Amino acid sequence: MIAALLAAVTFLGCPVFPASSPWNERVDTVPVAANSAQLVASLGLDAPVHADFGSGLWDGAPIGIPFDVVARATPRTRVSFEYADESDKAPYPIPRKVHIEGGGDRHALLFDRSACRLYELYALQRSGGGWHAGSGAIFDLRSNTLRPAGWTSADAAGLPIFPGLARWDEVRSGAIRHALRFTAPRTRRAYVYPARHYASDSNDPALPPMGLRVRLKASVDVSRFPAQARVVLVALQRYGMFLADNGSPWYISGAPDAHWSNDQLHALSRLHGSDFEVVSPSR
């Protein structure tokens, strides 16, 4: 195997995990997995790629998974959890006007620039005078430490969500230098590195496990796409994306921003599952 290239990713003075993190690992030279064709077929060969982020509102909520930047001065609060045995129970820095994802998942992502920590919550909602969530996870952005084996996070795969988002500030700079996050309708009762959790009852080997990494084929000519879509596609060729949750096929996650061009992002739908391949696992 040709050695993968590593690059540091930073945001507001903090690393978004070390350069050696799988999120920051280039996989454009890594071999294709032996069962790639079978797994891509189960993900949907003819299903179009969809940018699950953009500008404006959809059903009254911003399009994508929002995040908040917090700091040492942000008040901490205790959160009660539905899945308490797999959640981190330290106080969470939830700002007064916290941004919560629209729809059913209600993710809240809190980037602590003072401590370089990431606090993520699933199904966050007010409960009396406090907060209740389905699950919660805290990540040290300077460390590659994974969740305990079998533990969820705020995501079904037990992965952090923030590092897998396409963000406008990155596209404006001209490059996304990390893997992205995507969803699939059906998954297997299994997970592969760096995922730590599954969300399925099926043992069908044709279905993808959580943590599956795919990349856009090098043969795809990305130069014919508009600028914003092109930056996303170059990242998918270099870094690929991790299967992180059950959902619509080939839906790529990103953070909402008024600068996104929904028309440019819609150009991603010219591509389909058949334009992707599964990367051979690194461990």
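Which backbone oxygen does the side chain of R147 reach at 3.0 Å? Keep that one in mind while you go through the close-ups below, which all come from a predicted model.

**View 1. R147 and the oxygen it reaches.** The answer is the backbone oxygen of T152, which the R147 side chain reaches at 3.0 Å. You'll find R147 in the loop between β12 (135-140) and α2 (168-173). Buried or exposed, what would you call R147? It counts as buried, because its relative accessibility is 5% and the cut-off for buried is under 20%. Leaving out residues up to four places away in sequence, R147 touches a whole list of others, including E86, S87 and D88, then G136, A137, I138 and F139, and also R196. T152 is on that contact list too, along with S153 and G158.

View 2. With a relative accessible area of 38%, P148 is partly exposed, whereas R147 is buried. Now look across to H197: it is 49 residues from P148 along the chain, yet the two C-alpha atoms are separated by 9.2 Å.

View 3. The largest cavity has a volume of about 110 Å³. It is lined by 13 residues, and W23, N144, T145, L146 and P160 are the closest to its centre. Sort that lining by type and you get eight nonpolar residues, four polar and one charged.

**View 4. The largest pocket.** This one has a volume of about 740 Å³. Its lining takes in 31 residues, with H50, D52, W58, I63 and Y251 lying nearest the centre. Several strands give two or more residues to the lining, among them β3 (50-52), β13 (180-184) and β15 (241-246), and so does the helix α4 (262-266). By type, the lining residues split into eleven nonpolar, 14 polar and six charged.

Notes. Residues numbered from 1 in each chain as written. Predicted model: local features only at pLDDT ≥ 70, side-chain atom pairs only at ≥ 80, totals over all residues. Heavy atoms only, no water. 1 Å grid on protein atoms, 1.4 Å probe; cavity = no way out; pocket = protein on both sides within 12 Å on 5 of 7 lines; lining within 4 Å. Points joined across faces, edges and corners; volume = space filled by probe spheres on them. Helix = DSSP H or I, 4+ residues; strand = E, 2+ residues; numbered from the N terminus. Nonpolar A, V, L, I, M, F, W, Y, C, P; charged D, E, K, R; others polar. Buried < 20%, exposed > 50% of the residue type's maximum accessible area, 1.4 Å probe, protein only. Polar contact = N/O pair within 3.5 Å; in protein donor to acceptor, adjacent residues only side chain to side chain. Contact = heavy atoms within 4.5 Å.
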